[in-house]
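Below is a short report on one chain. It covers the sheet, the core and the charged pairs.

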Amino acid sequence: MSAADAMRIHDSNRVATVELFLDGQRFTARAGESVAVALFASDVKALRSSPRLREARGMFCLMGSCQECLVMVDGRRTLACRTPVTDGLHVETVPETGADG
Ligand code: FES
């Protein structure tokens with residue numbers, strides 16, 4: 001079992017498969033998974049890049065501490081690892097602000 005599989009909700013008989021969108025690209029997930037896990041399991045590892053070094057940033061702690069999974073949902077900044085997927089959820093990457101390096 002891969003690391004991504006270990007994070008997923010496995011009871012697919014009782015959990016609905018839903019869709020979410022990242023910058024307009026469609027992905028599938030299981031209802032209740034976090035946005036971070038759903039994207040990671042779909043091979044999306046980077047959600048933004050650092051403004052100074054242009055290094056990929058993405059899921060790291062998966063518990064709301066590192067802030068590396070910052071995304072936009074409904075026009076508000078939120079953490080992908082703390083946001084449950086709902087059907088049709090639209091997630092946008094965050095424009096760089098120069099706040100980190
Ligand atoms: S992965 Fe660290 S805050 Fe989301």
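Which residue in β6 is the bridge partner of leucine 70? It is leucine 79. The model is predicted, and every value here is computed from it.

**The β5 strand and its partners**

β5 spans residues 70-73. Four bridges pair β5 with β6 in the antiparallel sense. The two strands form a hairpin, with two residues between them. Aspartate 74 sits in that turn and has a positive phi of about 55°. β5 also pairs with β7, again in the antiparallel sense, through three bridges. Methionine 72 has glutamate 92 in β7 as its bridge partner.

In a regular strand the side chains alternate between the two faces of the sheet. β5 shows two such directions: Leu70 and Met72 point one way, Val71 and Val73 the other. All four of these residues are buried.

**The β1 strand and its partners**

β1 covers residues 17-22 and β2 covers residues 25-30. They pair in the antiparallel sense over six bridges. This is a hairpin too, with two residues between the strands. Aspartate 23 in the turn has a positive phi of about 50°. β7, residues 89-93, runs parallel to β1 and is joined to it by three bridges. Leucine 20 stands opposite leucine 89 in β7.

Phenylalanine 21 lies in β1. Opposite it in β2 stands arginine 26. Is phenylalanine 21 buried or exposed? Its relative accessible area is 15%, under the 20% cut-off, so phenylalanine 21 counts as buried. Leaving aside neighbours within four places in sequence, phenylalanine 21 is in contact with Arg26, Gly88, Leu89, His90 and Val91. The C-alpha atoms of phenylalanine 21 and leucine 39 are separated by 9.6 Å, and the two residues are 18 residues apart along the chain.

**The whole sheet**

Put together, the strands make an open sheet of five, in the order β2-β1-β7-β5-β6. The pairing is mixed. From one strand to the next, the twist averages 40°.

**The nonpolar core**

The largest nonpolar core has 24 residues. Leu20, Val35, Leu39, Leu47 and Val91 have the most contacts inside it. The elements that give two or more residues to this core are β1, β2, α2 (35-41), β5 and β7.

Take valine 35. Not counting residues up to four places away in sequence, valine 35 touches Leu20, Ala80, Thr83, Val85, Leu89 and Val91.

**Charged pairs**

How many salt bridges does the structure hold? It holds four.

Start with lysine 45 and aspartate 43. Lysine 45 is partly exposed, at 40% relative accessible area. Aspartate 43 is exposed, at 61%.

Now take glutamate 68. It lies in the loop between β4 (56-57) and β5, while arginine 48 is in strand β3 (residues 48-49). The pair therefore ties together parts that are 20 residues apart in sequence. Arginine 48 is buried, with a relative accessible area of 15%.

Through shared partners, Arg48, Arg57 and Glu68 join into one salt-bridge network.

**Cysteines**

The structure holds zero disulfides. Cysteine 61 is partly exposed, at 24% relative accessibility. Cysteine 66 is also partly exposed, with a relative accessible area of 25%.

Technical notes:
Residues numbered from 1 in each chain as written. Predicted model: local features only at pLDDT ≥ 70, side-chain atom pairs only at ≥ 80, totals over all residues. Heavy atoms only, no water. Pairing = 2+ DSSP bridges. Disulfide = S-S within 2.5 Å. Buried < 20%, exposed > 50% of the residue type's maximum accessible area, 1.4 Å probe, protein only. Axes fitted to C-alpha atoms, helices over the stretch in contact; angles between N-to-C directions. Core = buried A, V, L, I, M, F, W, Y, C linked by side-chain atoms within 4.5 Å. Contact = heavy atoms within 4.5 Å. Salt bridge = Lys/Arg side-chain N within 4 Å of Asp/Glu carboxyl O.
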